[in-house]
Amino acid sequence: MNKALESLLDLLDLEQIEEDIFRGVSRSAIVPRVFGGQVAAQALVAAGRTVAADRPAHSLHAYFLRAGDPGAPIVYTVDRIRDGRSFTTRRVVAVQHGQPIFHLSASFQTYEEGLEHQTGMPSAPDPETLPTAAEMLPRHLPAHVAERLIEARAAVDLRYVDAPPWASVGQPREPRSQVWFRTNGKLDDYAPDPLLHVCLATYVSDMTLLDSVLLAHGRGGWAVGDVVGASLDHAMWFHRPFRADEWLLYDQESPSASGGRGLGQARIWTRDGRLAVTVIQEGVVRVPR
């Protein structure tokens, strides 16, 4: 396990300061605000800490309200909305400087047998055949930008199937992208904790989902500064168990962009073809004037 992954795991190990109140810190991001995936993952950790271990998360719905300050702690307050026989619902509000910056609703469910089907997994090359971020980024970005991006994502081994937006500026193409990802190290000591794997996938899910919006317009994105943007809302449904330290295929597309907003939708697959997660996100995507 590398130091970046250890740091990320520490980031997700929130401090409990009172019953149903937790405190988290932030890590440096590419832009001068808290990375949205971090806030979402920490909020899910806070919610999960108030739920019995035999009730894994099956969905979350969240809104990003204000930019987070990476230099200040974030306080997460959990409301125990409902504890039913099968489902548990939690609401989490993240607060900084006396103002809410994010809120999340999450639902947890006891395991039960039921109807079972899924759509087929899309084709993709094996992740081992694809370049690592450290190999790809310096080819397409200025050295200082590539270095910051590699550092920000060092906890995750993330590999693009096709050229990312910043590697194909000015070349509009189909609004679809694929990446393989897994943590940069095994999580054997954390294997019994399914919540951690779900929270890590939540963290990664905010890294590339809006890339498909950019691809449709030949824009390079935040790494090259030809658009400005931020996540607005985020929803995830966790269908089947998975491990975040094993390869997962993130298949993403954008069905629409309008009104200064872009929509991304995606599915996350295990390498053996099980549909693990569905993700939908809308974000602000503006062209600088």
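A polar contact is a pair of N or O atoms within 3.5 Å; within protein, one must be able to donate a hydrogen and the other to accept it, and residues adjacent in sequence count only if both atoms are side-chain atoms. The model is predicted: local features need pLDDT of at least 70 and side-chain atom pairs count only at pLDDT 80 or more, while totals for chains, interfaces and linings use all residues. Residues are numbered from 1 along each chain as its sequence is written, and side-chain values use heavy atoms, with hydrogens and water left out.

Start at Asp211, in helix α6 (residues 211-215). Helices (H or I, at least four residues) and strands (E, at least two) are DSSP runs, numbered from the N terminus. The side chains of Asp211 and Tyr160 are joined by a polar contact of 3.5 Å. Contact means heavy atoms within 4.5 Å; leaving out residues up to four places away in sequence, Asp211 touches Tyr160, Pro165 and Ser177. Asp211 is buried but has no salt bridge, and Arg153, the nearest side chain of opposite charge, is 5.7 Å away. Here buried means under 20% relative accessible area, exposed over 50%, and partly exposed in between (1.4 Å probe, protein chains only). A salt bridge is a side-chain nitrogen of Lys or Arg within 4 Å of a carboxyl oxygen of Asp or Glu. For charge, Lys and Arg count as positive and Asp and Glu as negative; His and the chain ends are not counted.

Next comes the sheet. An open sheet is formed by 12 strands with antiparallel pairing, in the order β1-β2-β4-β5-β6-β3-β9-β12-β11-β10-β8-β7. Its edge strands, β1 (15-18) and β7 (156-160), each pair on one side only. Two strands pair if DSSP finds at least two bridges between them. Strands β9 (residues 228-238) and β12 (residues 275-286) are paired in the antiparallel sense over 10 bridges, and Ala230 stands opposite Val284 in β12.

Strand β9 also holds Ser231, which is buried because its relative accessible area is 18%. The Ser231 side chain makes polar contacts with the side chains of Asp206 (2.9 Å) and Gln281 (3.3 Å). Beyond four places in sequence, the residues in contact with Ser231 include Phe64, Glu282 and Gly283.

Asn2 counts as partly exposed because its relative accessibility is 26%. A polar atom of the Asn2 side chain lies 2.7 Å from the backbone nitrogen of Leu5. Asn2 also touches Ala154, Ala155 and Asn184, with residues up to four places away not counted.
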